[in-house]
Amino acid sequence: MQEKYIDETKQGEAFAIAEKDGNSKKLFLESYGCQMNFSDSEIVASILNEQGYNTTLKVEEADLILLNTCSIREKAEQTVRMRLSQFKNLKKEKPNMTVGVLGCMAERLKTKFLEEEQLVDLVVGPDAYRDLPNLLKETEDGRDAINVILSKEETYADINPVRLGGNGVTAYVTITRGCDNMCTFCVVPFTRGRERSRDPHSILEECKSLWESGYKEITLLGQNVDSYLWYGGGPKKDFAKASEMQKATAVNFAQLLDWVAKAVPQMRIRFSTSNPQDMSLDVFRMMAKHENICKYVHLPVQSGSNNMLAAMNRQHTREEYLDLIKKAKEIVPEVAFSQDMIVGFCNETEEDHQDTLSLMKEVEYDYGYMFAYSERPGTPAHKKMEDNIPADVKQRRLAEVIALQGELSRKRMKSYVGRVHQILIEGTSKKNENQWKGRNSQNAVCVFDKLEGQKIGDLVDVFVFDNTQGTLLGETVK
């Protein structure tokens with residue numbers, strides 16, 4: 001798979017599900033940002049489906065427009081504001097239509113949204129989606145409605161999310177919400193609240209239900225899945241106050257992985273996102289133990305410099321990160337890694353930048369998500385540090401990181417050539433309708449000619465005979 005350089009000006013994605021008989025109202029729901037936002041949109045659609053709303057892909061049909069937003073970078077917020085401005089004429093034509101903002105941007109800006117964006121009627125944070133029916137009643141009565149209260153308990157464990165869009169083959173299963181890590185550059189702890197884990201039994205039931213519904217791959221999802229810790233409910237920070245029985249029977253992420261792998265033994269299992277200081281070697285041991293746990297980890301590092309890691313409050317050093325990678329490869333020799341990298345953070349020197357490049361070469365990532373630092377209001381970095389790296393220096397360093405990742409991606413893709421891989425067919429190739437596309441255990445995309453009898457959702461043995469920078473080229477083993 002090629003390196004990822006995110007286009008943050010891209011419009012969000014809207015999805016629709018089959019109509020429910022008896023529902024008379026139309027919901028247009030558009031999602032931006034991370035996988036967690038798309039997973040949350042499925043929860044929102046499920047709640048509103050019970051309130052008489054069917055989804056639509058035509059915004060002009062909508063009685064209710066909801067944008068599920070991202071605050072991770074300034075461009076992401078600008079994109080949402082531009083999108084909202086596109087609805088102004090539609091709102092004039094349909095004055096009874098409700099426009100709402102959900103998610104991280106709603107949480108960060110709160111009442112400012114109602115003041116600044118005159119067409120917004122509804123502002124709902126990530127922990128308040130259960131309150132949507134009440135909030136919508138308020139808007140129907142002509143009042144603006146807002147609920148951005150963060151919860152220490154909410155996990156939406158009892159809500160069976162509808163599956164928006166997708167291919168009917170892969171699905172996300174949320175296992176944690178919030179984050180306690182307080183990286184200085186990151187707004188997530190302020191927009192999604194304290195870290196808490198979902199009841200493992202509800203996770204297992206959702207995974208089994210997905211398998212019975214025909215899904216073949218799940219991704220266990222959270223801001224920081226490695227921090228998963230279930231001891232009966234409540235924030236992870238309160239675990240120290242738990243009873244001895246609660247501590248003795250607590251379930252961590254490695255144990256949860258083991259349970260899920262056994263509960264759906266033919267289901268492919270992935271997880272995202274991981275955090276280096278919380279990642280246990282037991283997770284890799286579970287990966288080695290169970291064939292159905294994919295041999296791929298997204299392990300953000302953000303910088304290869306100890307100076308930058310300390311300034312970012314990453315709670316691990318370069319040496320600790322590399323040691324974790326080394327031990328992981330000893331336990332799971334075929335494991336693949338991807339990265340998040342921020343260049344141009346406050347006070348980053350040329351030596352710091354070179355440390356990032358050298359770390360990338362040592363790890364040999366399959367691909368990565370790479371960004372120039374974007375100052376976010378409300379974060380510790382915004383309050384206490386100067387964003388003092390010139391834009392042209394940031395862009396030059398970013399270009400060097402992207403170019404190096406391109407080389408590493410080609411090298412990693414080449415290492416898969418000449419071998420047979422098990423590929424899960426996820427759909428038709430965008431470039432050739434006569435070819436399938438799917439991914440191997442290491443998350444590398446593979447395309448190969450369609451054969452009679454093959455269908456989406458099949459696991460196929462494919463011999464890889466060539467590669468491009470981001471794609472494996474193969475043929476079905478007959």
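The legends below describe close-up views of a predicted model.

Local features are reported at pLDDT of at least 70 and side-chain atom pairs at pLDDT 80 or more, whereas totals for chains, interfaces and linings use all residues. Residues are numbered from 1 along each chain as its sequence is written, and side-chain values use heavy atoms, with hydrogens and water left out.

**View 1. Helices α14 and α16.** Helix α14 spans residues 350-363 and helix α16 spans residues 391-415; helices (H or I, at least four residues) and strands (E, at least two) are DSSP runs, numbered from the N terminus. Their axes come within 10 Å and cross at roughly 10°. Axes are lines fitted to C-alpha atoms, for helices over the stretch in contact, and angles run from 0 to 180 degrees between N-to-C directions. The two helices α14 and α16 are therefore roughly parallel to each other (angles under 35 degrees; over 145 is roughly antiparallel, 65 to 115 roughly perpendicular and the rest oblique). The crossing of α14 and α16 is right-handed, that is, the near helix is turned clockwise from the far one by less than a right angle. On the α14 side the contact is made by Glu-350, His-353, Thr-356, Leu-357, Met-360 and Lys-361; α16 contributes Arg-396, Arg-397, Glu-400, Val-401, Leu-404, Gln-405 and Leu-408. Contact means heavy atoms within 4.5 Å. By class, the contact of α14 with α16 has 5 nonpolar, 3 polar and 5 charged residues (nonpolar: Ala, Val, Leu, Ile, Met, Phe, Trp, Tyr, Cys and Pro; charged: Asp, Glu, Lys and Arg; polar: the others, Gly among them).

**View 2. Lys-361 in helix α14.** Lys-361 is exposed, with a relative accessible area of 51%. Exposed means over 50% relative accessible area, buried under 20% and partly exposed in between (1.4 Å probe, protein chains only). Leaving out residues up to four places away in sequence, Lys-361 touches Leu-404 and Leu-408. Glu-351 is 10 residues from Lys-361 in sequence and 15 Å from it in space, C-alpha to C-alpha.

**View 3. The largest nonpolar core.** This core has 55 residues; a nonpolar core is a set of buried Ala, Val, Leu, Ile, Met, Phe, Trp, Tyr and Cys residues joined through side-chain atoms within 4.5 Å. The residues with the most contacts inside it are Leu-220, Phe-253, Val-260, Phe-271 and Phe-284. Helix α10 (residues 253-263) gives the most to this core, with 6 residues. Beyond its neighbours within four places in sequence, Phe-271 is in contact with residues including Leu-220, Phe-253, Leu-257, Met-287 and Tyr-296. A second, separate core of 25 residues includes Phe-38, Ala-45, Leu-122 and Ala-128.

**View 4. Thr-191 in helix α7 (residues 188-192).** At 1% relative accessibility, Thr-191 counts as buried. Not counting residues up to four places away in sequence, Thr-191 touches Cys-104, Glu-107, Arg-108, Pro-126 and Leu-150.

View 5. Most residues other than glycine have a negative phi, and most peptide bonds are trans. The peptide bond from Ser-272 to Thr-273 is cis, with omega near 5°; Thr-273 lies in the loop between β14 (268-272) and α11 (281-289). Gln-302, in the loop between β15 (296-298) and α12 (306-311), has a positive phi of about 80° and is buried, with a relative accessible area of 7%. Gln-315 has a positive phi of about 65° and lies in the loop between α12 and α13 (318-331). Gln-315 is partly exposed, with a relative accessible area of 46%.
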